[in-house]
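I opened this notebook to record what I looked up in one structure. The entries follow the order in which I consulted the model.

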Amino acid sequence: MLGWLGALPRRSHFAAMLRDDGVLMVHQQDPAPQWPVGPAFELLLGLHALAGYQARRWSRRRLWTSLDRPLDRAAVQVGGRRGRFGVALGDRVRPIPAGAPPMLGLEGAIAAALGRMAPVAPGGGPPILLARELAARARRDGPRSDQDRSVGAVLVDPFGRPVLGATNQAREHRLLHAEVVVLLSALRSGGPLAPGHRLFTSLQPCRLCAALAVEVGVQEVVYEEPERGRFGQGTALALAGLERQATAAERAGLDG
Ligand SMILES: [Zn+2]
């Protein structure tokens, strides 16, 4: 596997996965300061944009990356389910031999995935109620599978003002959770988050969203409903003591 990756420049990072149909998917990422998403996470963003739910089948394959970071591991666990995570160091790769499987670049699919992120202006009112309203709006927008829950997330600036809101896009893309959409959209449009930003969500963040929130320096996450599934247990936010359930007063709209 590693021998097929030799054509990539050493200074960039890469991730690769061999699909069931024999196509080698390779993503090369140039290092970008302040962008927390590594090549494995980006590869999965592109894979899910290309293949939707079929991506789950391919995601069981081993994924190779030259950059091993906790956020990307969480993306593999959440987006790949049974995906295994292999780390390959760029210095060790060899030239691509004749007869290697056809290679598919993912730049376009990754751009499409990022373009699908649709943050909204959150409006006024207590942020936990705004997050709940966004989740309800997503439910109204169309049928979803039984496994997918509608989630709303609202980013609040250090002055307590709601600045961005988003819903998850689970119907189209397994990794575009509401928190991923709102946090990555904020980074793409405004650069690094200033200290003191908080995130309000209708559902306790999963392992991936928790890792992202910690990575970008969110001060606190306040959620309405606890996540009882396995991806909600022992997250980076829980371990760091940076999340709590909304109080009864907050949920009643008495306290923002
Ligand atoms: Zn999540």
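**Entry 1. Overall make-up**

I note at the outset that the model is predicted. I counted the secondary structure, which comes to 9 helices and 10 strands. I then looked up burial: of the 256 residues of the protein, 45% count as buried. For the contacts with a separation of 6 or more, I found that 62% are between residues 24 or more positions apart.

**Entry 2. The five-stranded sheet**

In which order do the strands of the open sheet of 5 strands stand? I read the order as β7-β6-β8-β9-β10, with mixed pairing. The twist from one strand to the next averages 20°.

I went through the pairings next. β6 and β7 run antiparallel and are joined by 5 bridges; within this pair, I found Val-154 to be the bridge partner of Gly-165 in β7. The two strands form a hairpin with 5 residues between them, and Gly-160 in the turn has a positive phi of about 85°. β6 is also joined to β8, by 4 bridges and again antiparallel, with Ala-153 opposite Thr-201 in β8. β8 and β9, by contrast, run parallel and share 5 bridges; there Leu-199 stands opposite Val-221 in β9.

**Entry 3. Strand β6**

I asked how many residues of β6 are buried. The count is 5 of the 5 residues, so the strand is largely enclosed by the rest of the structure. I also recorded the side-chain directions: Gly-152, Val-154 and Val-156 point one way, while Ala-153 and Leu-155 point the other way.

**Entry 4. Helices on the sheet**

I turned to helix α5 (residues 127–140), which has 14 residues. From its first C-alpha to its last, α5 reaches 20 Å, close to the 20 Å expected at 1.5 Å a residue. α5 packs on the sheet and touches β6, β7, β8 and β9; its direction makes about 145° with that of β6. Its buried residues include Pro-127, Ile-128, Leu-129, Leu-130, Arg-132 and Leu-134. Among the elements that cover the buried residues of α5, I noted α9 (248–251) besides the strands β6, β7, β8 and β9.

I then examined helix α6 (residues 178–190), which lies across β6, β7 and β8 and runs at about 135° to β7.

**Entry 5. The pair α1 and α4**

At what angle do α1 and helix α4 (residues 107–115) pack? I read about 85°, with the axes 8 Å apart. That makes α1 roughly perpendicular to α4. On the α1 side, the residues that meet α4 are Glu-42, Leu-45, Gly-46, His-48, Ala-49 and Leu-50; on the α4 side they are Ala-109, Ile-110, Ala-112 and Ala-113. The residues of this contact divide into 7 nonpolar, 2 polar and 1 charged.

**Entry 6. Gln-34**

Gln-34 has a positive phi of about 75° although it is not a glycine. I record this because most residues other than glycine have a negative phi. Is Gln-34 buried or exposed? With 9 C-beta neighbours inside 10 Å, Gln-34 counts as exposed.

Terms used. Residues numbered from 1 in each chain as written. Predicted model: local features only at pLDDT ≥ 70, side-chain atom pairs only at ≥ 80, totals over all residues. Expected span 1.5 Å × (residues − 1). Buried ≥ 20, exposed ≤ 12 C-beta atoms within 10 Å, placed from the backbone. Contact = placed C-beta atoms within 7 Å. Axes fitted to C-alpha atoms, helices over the stretch in contact; angles between N-to-C directions. Parallel < 35°, antiparallel > 145°, perpendicular 65-115°, else oblique. Nonpolar A, V, L, I, M, F, W, Y, C, P; charged D, E, K, R; others polar. Pairing = 2+ DSSP bridges.
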